[in-house]
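Subject: Structure for your files

Dear colleague,

Here is the structure I said I would pass on. My notes on it follow below.

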Amino acid sequence: MMKFISIDESSRVPKYKQIIDSIIYNISVGNLTMDQKIPSINQFSEEFYLSRDTVEKAYNILKERDIIMSIRGKGYYINRTKLISKINILFLVNKLSSYKLRIYNSFINTIGVTSHTDLHIYHCDESLFLNLLNKYKSTYDYFVIMPHFKNENLNHISYTDEVINFLKKIPREKLIILDNIKPEIEGEIVEIFQDFEDDIYYALKEGLSKISKYEKLFLIYPESAIYPYPRRILHGFRKFCMENIIDYEIINQVYEDMILKKGDLFITIEEADLVNLVKQIREDKFVLGKDIGVISYNDTPLKELLGITVISTDFKIMGETAAKMIINKEKGKFKVPFNFIERNSI
């Protein structure tokens, strides 16, 4: 194996990175094959006059990528020859919802087979997020991040000081921020975002002719959700109602046996509330879309099938745009379209 490895002493590329790149290249061209044993850390460091720490760092990163594996008492072996990639991407999302999966799947379909993307979920937990980034900070070529966190009161926060400080350590050319507005980070990065306040405001404005036929508008906004929602949604909703002189109310959830009246229009965010609301409308013998209206936040294929009107980000475009900007090595920001999609429930 040693005859295939190349370490350039005059290169500015760190030695551990040269080891990684050389091993990956030789797997991709067939010089190294699956299950082939490779030299120990000590053997490698002695052969190329490198410190043991340098070789160990390279081997650890290769292990994290599942490119090599270690077998106790036997040594290191090539783990796979399907070397996907010249581009390795860490995709960090705050929750595993149908919306996030649509972004991820759109991203994967667009980025193609020339890259390898690892998906990790951090559940809006700052500590888990920071631990994942710290663990993999030297492992990936790109970091695609959806920043949504929660505080001790289960309220949504976009960033914390600790998160911002860590993001500043990631090279700008490697950082792609999705879904949320970026913090103040010097230098140009990729930013593909939705504006939660303006999005709901302008989407509801687009549907004003339909909305104004109802007597009262309700927003079902979960105050203490496990995965909290940006409060900017509330600001945009209130702004729309006040500017258009619409009677409104914000409630925490769809309660059992909630009092429904003809002329009510509800905006639901969580799918559980949508299901409970539609069920109660049917049980109370109201006609959906005529007596009582329903708008749901964020579209899904099921909502389309059921004819539920939605206000929604175009998640497909979000994922596609992120992948294309990586492929084309572009920088800058892109505001994702947010639409009012009228169906039979209003």
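Before the rest, the basis of the values. This is a predicted model, in which local features need pLDDT of at least 70 and side-chain atom pairs count only at pLDDT 80 or more, while totals for chains, interfaces and linings use all residues. Residues are numbered from 1 along each chain as its sequence is written, and side-chain values use heavy atoms, with hydrogens and water left out.

Overall

The C-alpha trace of the protein spans about 80 × 40 × 35 Å along its principal axes. Of its 346 residues, 50% count as buried. The secondary structure comes to 12 helices and 17 strands; these are DSSP runs numbered from the N terminus, with helices being H or I of at least four residues and strands E of at least two. Taking contact to mean heavy atoms within 4.5 Å, 68% of the contacts between residues at least 6 apart in sequence join residues at least 24 apart.

The sheet

Six strands form an open sheet with mixed pairing, in the order β12-β11-β13-β14-β15-β17. Two strands are taken to pair if DSSP finds at least two bridges between them. At the edges are β12 (248–251) and β17 (338–341), each of which pairs on one side only. From one strand to the next the twist averages 15°; angles run from 0 to 180 degrees between N-to-C directions, and axes are lines fitted to C-alpha atoms, for helices over the stretch in contact.

Within this sheet, β11 (residues 216–220) and β13 (residues 264–268) run parallel and are joined by 5 bridges. The bridge partner of I220 in β13 is T268.

A helix pair

Helix α4 (residues 98–111) packs against helix α12 (residues 315–327) at an angle of about 35°, and their axes are 7 Å apart. On the α4 side the contact includes Y99, R102, I103 and F107; on the α12 side, F315, M318, E320 and K324 are among the residues involved. The contact residues divide into 10 nonpolar, 3 polar and 4 charged. For that count Ala, Val, Leu, Ile, Met, Phe, Trp, Tyr, Cys and Pro are nonpolar, Asp, Glu, Lys and Arg are charged, and the others, Gly among them, are polar.

Salt bridges

Side chains of opposite charge can pair when their charged atoms come close. A search of the whole structure finds 12 salt bridges, each being a side-chain nitrogen of Lys or Arg within 4 Å of a carboxyl oxygen of Asp or Glu. Three of them are described here.

E249 and K216 meet in a salt bridge at 3.0 Å, N to O. This pair links distant parts of the chain, with E249 in strand β12 and K216 in strand β11, 33 residues apart. E249 is partly exposed at 33% relative accessibility, and K216 is partly exposed at 22%.

R231 and E223 also form a salt bridge, again at 3.0 Å from N to O. R231 is partly exposed, with a relative accessible area of 32%, and E223 is partly exposed at 31%.

K15 counts as partly exposed, at 23% relative accessibility.

Regards

Methods
Buried means under 20% relative accessible area, exposed over 50%, partly exposed in between (1.4 Å probe, protein chains only).
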